[in-house]
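Visitor: I would like to learn how to read pockets, cavities and packed helices. Where do we begin?

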Amino acid sequence: MTKKLYLETFGCQMNVLDSELVLGQLRAQGYESVEEREEADVVIYNTCSVREHAEQKVWSRLGEMRDWKKTRPGTVIGVIGCMAERDGKDIFRKFPHVDLLCGPGELDKLAGMVHNLVVTGTEARRHEGTKGRQVALMGANMRRSSTLAAAEDHLELLDLSRSISAEDNLAQAYVRITRGCNKFCTYCVVPYTRGPEVHRPPQNIIDEVKRLSDAGALEVTLLGQTINHYAFKHGDGRVTTFAELLYQIHEAVPGLPRLRFVTSFPRDFTNEALMVMRDCQRICRYLHVPAQSGSDRILKAMNRGYTAQEYYDFVGRAREYMPDVSIASDFIVGFPTETQDDFDQTAEMVRRCRFKNSFIFKYSPRPGTVAIERFEDDVPEETKRRWNNELLAVQQEACVRNNREMVGKVVEVMIEGETKLVSKKAYPASAGGVELGWEKRGGENGSDGASPATVVTQLIGRTRGDQVVAIDAPMGMRGRIVDVEITEAKNLTLFGKLVMSAVAG
Ligand code: 5AD
Ligand code: SF4
């Protein structure tokens, strides 16, 4: 009988990709994914440890599963990803009903582990009650001290195993180019959970992008924690840099309309990489380059390796090459010892840089990091909250200004789905401004038979610069790239109307 799998993903794009790859492997073994946890034979949580809040959500999911497991002891419960790596033993101790732990660096073995538990473990668990055999595979830190080549080999298998088919109808796809991180920012768990930086061979990346494009992908986003630090050393000593990789992908996959990448590290951006972005038309002019703080003192305490001035210089350089580049950033507020003066410098940075978007986080002390050992979490929660809101307000001003400048322009938009922000004004004819209206063509009642009625709704899409646009357009356009005239700008959303189809989806 086909086994049913429920997989829930928390955290970053890297986790989303890991889940997709794991799902592909389990599907190949005959598992079928289900939307409801209650229907599943195997329940897996792919977890994130970056902030405590992300972990709390998983703790509560696991708590809910405790009683459930008592009534269905045959169910396999797995925790994978960063939490499995970081606090594996704690999870087994607090939640004895969890059967399986697998860190992000061992996911190539997950399908085999799950299958073993399902096939051999079900009976055993029935006899033993809720506490059965628990299996765990972690090892990011071990990989740091063992040979990278070995780690590289087995992890590469996971990405290489990707099953890509046109039926999946994936307009957007992620492709990993680098795993892990070597930066050791003092607040961050990633170097501990995902292990050392490992770069994938360029040809494997190019082949994967090509296969996705052949299967119908219109947008590929390359992933890495510090993606622009990519440098692959070939056997003969030659090095493929990030700029070269970008260029090679762009040239090797001419049928791909959009190529993106996240996340960049400010200090590692070469002029060559910026030039490639400037010169290659299908590379989106969008950069996500977290600054984290505008204060040199805090940047130093965070071990970021650059000053505020160096960040400003980078932004200036990027805009010199591409005046229309869209830049997004991340900031942490309430880092230990942060003063009002430090925060003011961060607010000044958000004001001056006019980011497309800023992701703002309140500092969350993470076990195992340098910051939790070195500093007391001394900024009161109330101050963190206030700074968070103030910074959001500064960013919002920039969004309003950026968006206003877009009105009247024609931009290329990729349709991603339906918007929840349905504007009544957009459909004056539809009864009470309901979401769907029937636009009648031909006969009075739409009953002429020859001309079918067209369902219209408001769709949501993204520009090449990653700005969100709500559009009046017919249904069935999801995954297509179209030209849109921006007609109106509201705080965070642009509204537009369809001009013409630019690329058939
Ligand atoms: N506390 C708060 N925010 C954090 N981030 C990473 N670690 C922490 C932490 N301990 C934020 C950074 C990073 C983003 C992914 O999450 O801004 O860029
Ligand atoms: Fe974490 Fe810093 Fe690496 Fe980003 S660069 S993943 S914040 S350690």
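Guide: Helices (H or I, at least four residues) and strands (E, at least two) are DSSP runs, numbered from the N terminus. This is a predicted model: local features need pLDDT of at least 70, side-chain atom pairs count only at pLDDT 80 or more, and totals for chains, interfaces and linings use all residues. Residues are numbered from 1 along each chain as written, chains are lettered from A and ligands numbered from 1 in written order, and side-chain values use heavy atoms, without hydrogens and water.

Visitor: How is such empty space found?

Guide: Rolling a probe the size of a water molecule over the atoms shows where empty space is left. On a 1 Å grid over the protein atoms alone, a cavity is a set of points where a 1.4 Å probe fits but cannot get out; a pocket is an open set with protein on both sides within 12 Å along at least five of seven lines; lining residues have an atom within 4 Å of a point. Points are joined across faces, edges and corners, and a volume is the space filled by probe spheres set on them.

Visitor: What volume does the second largest pocket have, and which residues lie closest to its centre?

Guide: The second largest pocket holds about 670 Å³. It is lined by 27 residues, with Asp-324, Val-325, Ser-326, Met-406 and Gln-467 closest to the centre. The lining has 11 nonpolar, six polar and 10 charged residues. Here Ala, Val, Leu, Ile, Met, Phe, Trp, Tyr, Cys and Pro count as nonpolar, Asp, Glu, Lys and Arg as charged, and the others, Gly among them, as polar.

Visitor: How many cavities of 30 Å³ or more are there?

Guide: Two. The largest cavity contains about 100 Å³ of space. Among its 13 lining residues, Pro-104, Leu-155, Arg-176, Arg-179 and Arg-194 lie nearest the centre. α1 (13-28) and α6 (148-160) are the elements giving two or more residues to that lining. α6 gives the most, with three. By class, the lining has five nonpolar, two polar and six charged residues.

Visitor: And packed helices?

Guide: Two packed helices are described by the angle between their axes and the distance between the axes. α10 (residues 271-279) and α12 (residues 308-321) have axes that come within 9 Å and cross at roughly 35°. Axes are lines fitted to C-alpha atoms, for helices over the stretch in contact, with angles from 0 to 180 degrees between N-to-C directions.

Visitor: Which residues meet there?

Guide: Asn-271, Leu-274, Met-275 and Arg-278 of α10 meet Arg-317, Ala-318 and Tyr-321 of α12. Contact means heavy atoms within 4.5 Å. That contact has four nonpolar, one polar and two charged residues.

Visitor: Which peptide bond is cis?

Guide: The bond from Val-262 to Thr-263, with omega near 0°. Thr-263 sits in the loop between β13 (258-262) and α10.
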